[in-house]
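Okay, thanks for coming, everyone. Let me put the structure up and walk you through it.

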Number of protein chains: 2
Amino acid sequence: VPLPEKEFIRKIRSRVKKAGGPIATGIGDDCAVLRIPRGHELLVTTDFSLEGIHFRREWHSARSVGHRCLTRGLSDIAAMGGTPTAAFLSLALPPKLPQSWVDQFTEGLLRLASRFHVVLAGGDTAESPGGVLADIVVVGSVPSGRARSRSGARPGDSIYVTGELGGAAATLGKLMRGKTKLKETEYPRHFYPLPRVGIGQYLQQHDLASSMIDLSDGLSTDLAHLCEESGVGAEIHLQALPLAKIGKPPSLVEANLALHGGEDYELLFTAPRATSMPDRIGRTKITEIGRITRVPTMFVADGQRKTKLSPAGWEHFSNASPSRG
Amino acid sequence: VPLPEKEFIRKIRSRVKKAGGPIATGIGDDCAVLRIPRGHELLVTTDFSLEGIHFRREWHSARSVGHRCLTRGLSDIAAMGGTPTAAFLSLALPPKLPQSWVDQFTEGLLRLASRFHVVLAGGDTAESPGGVLADIVVVGSVPSGRARSRSGARPGDSIYVTGELGGAAATLGKLMRGKTKLKETEYPRHFYPLPRVGIGQYLQQHDLASSMIDLSDGLSTDLAHLCEESGVGAEIHLQALPLAKIGKPPSLVEANLALHGGEDYELLFTAPRATSMPDRIGRTKITEIGRITRVPTMFVADGQRKTKLSPAGWEHFSNASPSRG
């Protein structure tokens, strides 16, 4: 067993409960043993965070990488209307990685976990043949039959998004063009995005969403997934898109980043037109941005002009610019 | 989305049920939705299979890599006495990997999955910055309170193993020394190891194991884990170790490979001395190899000679020979 692994396991173990709450057996056995509440179904999601694909050590602090790694999984649970319970981290580390990097990564991940009452209950470690490789598994639950899927959108439904769009991709654009590191606290939408767990639960509990997906790959790509699974099309109103403000002083992002940029981790959902949708859930704005159509094609309307909308989101920064719109 | 990913997802989708049995929602949504039988607890395990660390494309066929990848997870479920339900595959692929490699990998994984009635219910795909990177998550269930842990061994308990030991490591030794590829069918213990799921369930159902672990890192290392979690020591009888036979014509492996070599995926378990243990479970031999002791140290006895046993297993073939005993 390579040394960083042992040290890492020892440190992680000291930070997590071995048992308690939904965890019958946590870290330190062949499997974790979890209890799922009666009348609930289990949710499972897995997401890679790979150095050079999903983050760069020159651009992202270890703390941000750990935070973003877990956000990806929590956001998937949010998109089902579920409650996250436990996370499992598979982490492969290059032999020469400083222990301080691992400590900060763990700190970023565990701080977000505790905010959502999620326990780190296991995982795997290995020596990495290349850069830092993380795979996060998040397990959660939802009352049986209540999970919001991608496939429930019906023609005529209104399309909504939470919060603001394009902030994460606009920040990435700055990172790609810039020569210096950005101050992470000035760009929280990119470095410390918060998954919309509470809003997803609210929409599920109040039966406000006919379908739902999280915006990880970008609106045009994720809307295409939702339309495909529901067998419908969509029309988006460009003027309606809630554009993010980023930086100091704050400046509005371009509309094409709101349309195509990834990693905002907002929720995209639909509801019948008759649904009375609140303007805000908690402190988060809910914005109607378009309509589901019978014709299985996506359009974007800018005033009178209506053009076909193709999935043009996110291919991560290994081989694509944040926007190709 | 890089092309191999899309193609891969399309092919996988065509091979798996979207729903049915314990799967309420499978591949194609933000999360998989699973049903856990009432009165059962959930088991979760994650395991990396990284090119250059856990396998080499020069040595292992894609089919063997896919098979071994899933075996790692199923074997962890077996070690808890559980029943595997669903698998989730996170797979990062180098851009130039031939589609045929992915097809064969998937074939190896799905063939083993279907043998154990396990459904591939989701996962993640990404472009890999290095070699092939796989992380397998296996989810299963066990009647509440019945999971066999590593921590239940008591002084005086007998120590048992299933099957034979050292075959996988001895084959790896041949691969490392050899100039040619081995014929995989002649070395199934290394290329196509079968997880002991049925035996784990049998031991759990008949209350025959006070503690259990699977032999993935090697007897000396995994026994050390079991002893540590149980707060006990152990004495192993070298002459009692069931040595594997490998190759054609079959030859017996060296005892130090049975003691320290990894990846046999047999079960190591303990039971009170009074327990009436069958000689075989199904067609698989059960062998008593030693005794749990109060003193928290491991020894190996060879006739009259008794020497201290240190964990000396598996560091994978990136930086260690299969045996350092």
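**A buried glutamate and what surrounds it**

Let's start with E263(A): it is buried, at a relative accessible area of 5%, where buried means under 20%, exposed over 50% and partly exposed in between, with a 1.4 Å probe and protein chains only. Before I go on, the housekeeping: this is a predicted model, so local features need pLDDT of at least 70 and side-chain atom pairs count only at pLDDT 80 or more, while totals for chains, interfaces and linings use all residues. Residues are numbered from 1 along each chain as its sequence is written, chains are lettered from A and ligands numbered from 1 in the order in which they are written, and side-chain values use heavy atoms, with hydrogens and water left out.

So who does E263(A) pair with? R68(A), in a salt bridge with the closest N and O atoms 3.5 Å apart; the rule there is a side-chain nitrogen of Lys or Arg within 4 Å of a carboxyl oxygen of Asp or Glu. R68(A) sits in helix 2 (residues 62–79) of chain A and E263(A) in the loop between helix 8 (255–260) and strand 12 (267–271), so the pair ties together parts 195 residues apart in sequence.

Now a pair within one helix. E107(A) and R111(A) meet in a salt bridge at 3.6 Å, N to O. They are 4 residues apart in helix 3 (residues 99–115) of chain A, about one helical turn. E107(A) is partly exposed at 21%, and R111(A) is exposed at 52%.

On to the interface. How much area is buried between chain B and chain A? About 4500 Å², with carbon and sulfur atoms giving 55%; that is the accessible area (1.4 Å probe) the two parts lose on being put together, summed over both. On the chain B side, D30(B), L42(B) and F48(B) lose the most area, together 15% of what that side buries. The contact takes 57 residues from chain B and 56 from chain A, contact being heavy atoms within 4.5 Å.

There are 6 salt bridges between the chains. One of them joins R150(A) to D30(B), at 3.3 Å between the closest N and O atoms. Strand 3 of chain B gives the most to the side that touches chain A, with 9 residues. There's also a network of salt bridges linking D29(A), D30(A) and R150(B). And E41(B) meets R35(A) in a salt bridge, 3.3 Å N to O. E41(B) is buried at 6%, whereas R35(A) is partly exposed at 42%.

Last one: M80(B), in the loop between helix 2 (62–79) and strand 4 (83–93) of chain B. Is M80(B) buried or exposed? Buried, at 1% relative accessibility. Beyond its neighbours within four places in sequence, M80(B) contacts residues including D29(A), V33(A), L43(B) and M212(B).

How values were computed. Helices (H or I, at least four residues) and strands (E, at least two) are DSSP runs, numbered from the N terminus.
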